[in-house]
Amino acid sequence: MNTKVSSSWARYTPRTSTRRPWHREAARALGEPVRKSGRFALRGSLGMIVTFATLTGGCGDVPSDQSELVAAPQQAPAALQAGSAGFKCHPFHKRSGGCGNSGGTSGAGGTTGGASGGVAGGAGGSGNTAGMLGSAGGAGAGGQAASDAPFAILAAADGPIAVATDGAAVVWLESTAVRTCPVSGCGAAAPAPLNAEPISDPVVDAVGIDQTSVYWLSSTLVQRCGRTGCAANETFATLPPNAIGAWSQLAVHGGIVYTETRTSVYQCPVGGCNQTPTAIFGRPDDWGTPFAVDDTGIFISITGEGYGTYYCPFGGCPPTIGEPLSTPGGKRLAAVSGTVYMWDQQGNITSCPSTGCPGGATSLAAAQTTLTSLGADASGVYWTTSDGTTGSVYKCALPACAGGPTALATEQANPVSLSVSDHLVVWANAGGTGVPGSIMGLAK
């Protein structure tokens with residue numbers, strides 16, 4: 001979602017002797033006289049340090065109103081302005097103070113939310129022998145610290161059970177409410193619900209978003225609400241009369257809402273389908289049809305006759321039964337760039353491309369028997385585990401999980417749902433008796 005911008009400024013290293021031509025250019029930008037040596041060279045070097053430690057606006061995220069999204073500039077000087085969409089701090093900036101900034105500005109026109117804040121910078125680069133360390137760049141307004149540690153988007157949430165993010169905002173479900181706030185944080189108190197009337201029987205780890213709406217499942221309904229709020233929860237789709245089982249999974253991708261019952265996967269365009277979604281694949285003897293959608297098509301696991309994981313390019317379902325990509329299938333799936341990632345009941349996480357894996361699926365991790373949610377992007381597979389009280393968040397680096405799974409966060413209060421954007425991993429901790437839930441994030 002976010003365009004990453006690298007900067008030639010990041011290659012600057014303060015020097016203690018001869019000024020280079022580009023030193024003189026920087027001095028001119030600072031309004032200093034250009035000299036080749038002596039105290040002016042020292043002054044110029046210190047000036048460059050201060051400049052790097054105080055640059056502002058480079059790390060603001062996009063406005064929370066998706067209609068206001070603007071592509072990030074492609075060159076570093078243009079990117080160093082408040083609210084540049086999707087700008088991500090280069091590691092050098094985090095070390096050298098270049099990312100402390102004032103955060104993104106509010107979107108212009110219409111109904112917009114505030115922009116996400118910047119990422120805090122580290123200590124400034126060292127000066128010459130007569131100089132001193134530059135000051136650390138502070139976090140942007142509303143931003144999170146520059147750290148590999150998880151941060152609380154909302155430190156005390158009322159039992160969240162499902163979460164989704166687009167990189168600018170996070171949306172989650174509670175037992176009766178739908179809430180949202182910027183990924184940079186909600187503040188001390190939970191935001192007001194989007195829904196004016198309570199929701200009922202929401203399904204764990206089943207929420208989806210597009211630019212305008214939030215979608216969720218109850219046992220027999222697919223409902224939605226505008227991302228700026230709704231007076232009434234709209235019934236988007238109902239359980240078909242011949243369906244077996246209740247709704248149990250949801251995804252929103254490419255203008256289509258996908259849902260699953262015990263025996264089939266259904267779809268409905270976001271523009272509506274008269275509340276009657278269309279079955280696209282399933283088997284009457286299935287005991288679940290887990291699925292995942294990416295930009296190429298749909299991956300579906302069936303558990304009855306002809307069991308395994310199948311692939312349909314868009315418009316190409318149903319596939320030929322008996323010719324799965326991989327056996328056995330997965331109890332949970334995630335997909336990206338034409339590859340499916342599967343978790344089975346034995347706790348194995350494996351992968352297989354849409355072209356098939358006749359030699360068997362690639363093993364990524366084993367013994368993940370308490371997995372609660374699964375996601376993926378081009379760089380890794382992410383999942384949460386929980387024993388119902390405490391749990392962890394893990395990542396396998398792609399393509400082969402070299403070195404094994406990495407624990408991104410441990411001792412979490414019952415993590416049950418996870419979502420991945422271009423630059424963030426977010427998850428919902430449901431909490432428990434006497435332990436509050438929370439919405440957590442981690443910069444990738």
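Q: Are C396 and C401 buried or exposed?
A: Buried means under 20% relative accessible area, exposed over 50%, and partly exposed in between, with a 1.4 Å probe and protein chains only. By that cut-off C396 and C401 are both buried.

Q: What basis do these values have, and what pLDDT do local features need?
A: Residues are numbered from 1 along each chain as its sequence is written, and side-chain values use heavy atoms, with hydrogens and water left out. The model is predicted: totals for chains, interfaces and linings use all residues, side-chain atom pairs count only at pLDDT 80 or more, and local features need pLDDT of at least 70.

Q: How many disulfides are there?
A: A disulfide is a pair of cysteine sulfur atoms within 2.5 Å. C396 and C401 form one of them, S to S 2.0 Å. By this rule the count is 6.

Q: Which hand does the disulfide of C396 and C401 have?
A: The hand follows from the torsion about the S-S bond, which is about -65° for C396 and C401. The disulfide is therefore left-handed.

Q: Which hand does the disulfide of C225 and C230 have?
A: The sulfur atoms of C225 and C230 are 2.0 Å apart. C225 is buried at a relative accessible area of 2%, and C230 counts as buried at 15%. The torsion about their S-S bond is about -115°, so this disulfide is left-handed.

Q: Is C317 buried or partly exposed?
A: C317 forms a disulfide with C312, with the sulfur atoms 2.0 Å apart; the S-S torsion is about 105°, so the disulfide is right-handed. C312 is buried, with a relative accessible area of 1%. C317 has a relative accessible area of 23% and is therefore partly exposed.

Q: Which residue in strand 3 is the bridge partner of A162?
A: Two strands pair if DSSP finds at least two bridges between them. Strand 2 and strand 3 (residues 169–173) are antiparallel and joined by 4 bridges. Their hairpin has 3 residues between the strands, and G167 takes a positive phi near 95° there. The bridge partner of A162 in strand 3 is L173.

Q: What is the order of the strands in the open sheet of 4 strands?
A: The pairing in this sheet is antiparallel, and the order is 5-6-7-8.

Q: Which are the edge strands of this sheet?
A: An edge strand here pairs on one side only, and this applies to strand 5 (207–209) and strand 8 (234–238). Strand 8 pairs with strand 7 (residues 221–226) over 4 bridges, and R224 has E234 as its bridge partner. The edges are strand 5 and strand 8.

Q: Which residues touch the most other members of the largest nonpolar core?
A: A nonpolar core is a set of buried Ala, Val, Leu, Ile, Met, Phe, Trp, Tyr and Cys residues joined through side-chain atoms within 4.5 Å. Of the 15 residues in the largest core, those touching the most other members are Y215, L217, V222, F236, L250 and V257.

Key. Helices (H or I, at least four residues) and strands (E, at least two) are DSSP runs, numbered from the N terminus.
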